[in-house]
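This briefing covers helix packing, the ligand shell and a few backbone features. Please look over the sequence and the model before reading on.

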Amino acid sequence: MASTSDPSATPEAEPPLIDLRDVTRVFTLGGDSVRAVVGATLSIRRGEYCSVMGPSGSGKSSLLNLIALLDRPTSGRYLLDGRDITALSDDELAAVRNRTIGFVFQSFHLIPRLTAAQNIELPLLLAGLAPRERERRVRDALAALTLSDRATHRPAELSGGQRQRVAIARAMIMKPPLLLADEPTGNLDSASGAQVVDILESLQRERGVTLLVVTHDAALGARAHRHLTIVDGRIASDSVTAPDGGDGAPPPRLAADAADTATAAPRS
Ligand SMILES: Nc1ncnc2c1ncn2[C@@H]1O[C@H](COP(=O)(O)OP(=O)(O)OP(=O)(O)O)[C@@H](O)[C@H]1O
Ligand SMILES: [Mg+2]
């Protein structure tokens, strides 16, 4: 009979979604080198909601870009959903990224000459989905983000809040388990920002998406359940607070949090 007390056996263990082991990223420019991420060891399970805060230049975006497979570590290991990605080719990384990771940027990063619908469709095209399936998914995503009447608008013809909702739709169209957001409300007015936060949080709460949000906004950071602080490229603190309802305390309210009933970003 097999022993049931093997201490190395972890029967319940699903691997962490994100598993960084002593990851360092050094940028070399001219003769200078910048240690943007230093010895990051971090494990994040499926469904967690983490904020990443820290001073400007401390390495938050560099860390997020590594997690997003947009960049490679100089040293250290990264296991994404149990798979060591360090040795993958660029094409393999792109394929893993397409299926696994959605990324939302402060400045939206939409393609200017494509319409909202075409921007959202891009990951489906890359994944080779059939036209009817692409059309169905894009239509559903536009409706879910109250953008149906903006489908044929180009980014320049959308408000900031609408642009960010297009970016979220594009990030989530492949239904990835991981959503990374780098200052997603940084370019938005408070009402549009609150609406974007509501959408990100509902994806975490209702679909179990793992959510990592870089922010300079303490009120937004405090809404997460786990809080990472980055200082000089290092993870300086990593603390957990009870999720919404865990200690009976409501999450801190954002300025325009009550705008639940507001329709798509009314400005501009
Ligand atoms: N591609 C690059 N080449 C050289 N140095 C870089 C590069 N990207 C970032 N850095 C440097 O790495 C350090 C960390 O930058 P990073 O963008 O990760 O900071 P951040 O915490 O996101 O800052 P902010 O809050 O201002 O967005 C900075 O000193 C920056 O100048
Ligand atoms: Mg940054």
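H5 and H6 are roughly parallel to each other, a term for angles under 35 degrees. Their axes cross at roughly 15° and come within 9 Å. The model is predicted: local features need pLDDT of at least 70, side-chain atom pairs count only at pLDDT 80 or more, and totals for chains, interfaces and linings use all residues. Residues are numbered from 1 along each chain as its sequence is written, while chains are lettered from A and ligands numbered from 1 in the order in which they are written.

**H5 and H6**
- H5 spans residues 160-172, and H6 covers residues 190-207; helices (H or I, at least four residues) and strands (E, at least two) are DSSP runs numbered from the N terminus.
- Axes are lines fitted to C-alpha atoms, for helices over the stretch in contact, and angles run from 0 to 180 degrees between N-to-C directions.
- H5 passes H6 in a right-handed crossing, where the near helix is turned clockwise from the far one by less than a right angle.
- On the H5 side the contact uses Gly160, Gly161, Gln164, Arg165, Ile168 and Met172, and on the H6 side Ser192, Gln195, Val196, Ile199 and Leu203; contact means C-beta atoms, placed from the backbone, within 7 Å.
- These residues divide into 5 nonpolar, 5 polar and 1 charged. Nonpolar covers Ala, Val, Leu, Ile, Met, Phe, Trp, Tyr, Cys and Pro, charged covers Asp, Glu, Lys and Arg, and the others, Gly among them, are polar.

**H3 and its neighbours**
- H3 (residues 116-126) packs with H4 (residues 131-144) at an angle of about 135°, with the axes 10 Å apart.
- Ala117, Ile120, Glu121, Leu124 and Leu125 of H3 meet Arg134, Arg137, Val138, Ala141 and Leu142 of H4. This contact has 7 nonpolar, no polar and 3 charged residues.
- The crossing of H3 with H4 is right-handed.
- Buried residues in H3 are Ala116, Ala117, Asn119, Ile120, Glu121, Pro123 and Leu124; buried means that 20 or more other C-beta atoms, placed from the backbone, lie within 10 Å of a residue's own.
- They pack against H2 (90-100), H4 and H5.
- Gly128, which follows H3, has a positive phi near 80°.

**Shell around ligand 1**
- The residues around ligand 1 are Phe27, Leu29, Val34, Ala36, Gly54, Ser56, Gly57, Ser58, Gly59, Lys60, Ser61 and Ser62, each with its C-beta atom, placed from the backbone, within 6 Å of the ligand.
- E1 (18-29), E2 (32-44) and H1 (60-67) each supply at least two shell residues, and H1 gives the largest share, 3 residues.
- By class, the shell has 4 nonpolar, 7 polar and 1 charged residues.

- Most residues other than glycine have a negative phi.
- His109, in the loop between E6 (101-105) and H3, has a positive phi of about 55°.
- Asp232 has a positive phi of about 50° and lies in the loop between E9 (226-231) and E10 (234-240). With 13 other C-beta atoms within 10 Å, Asp232 is partly exposed.

**Whole chain**
- The chain has 7 helices and 10 strands, and 37% of its 268 residues are buried.

Methods
Contact = placed C-beta atoms within 7 Å. Buried ≥ 20, exposed ≤ 12 C-beta atoms within 10 Å, placed from the backbone. Parallel < 35°, antiparallel > 145°, perpendicular 65-115°, else oblique.
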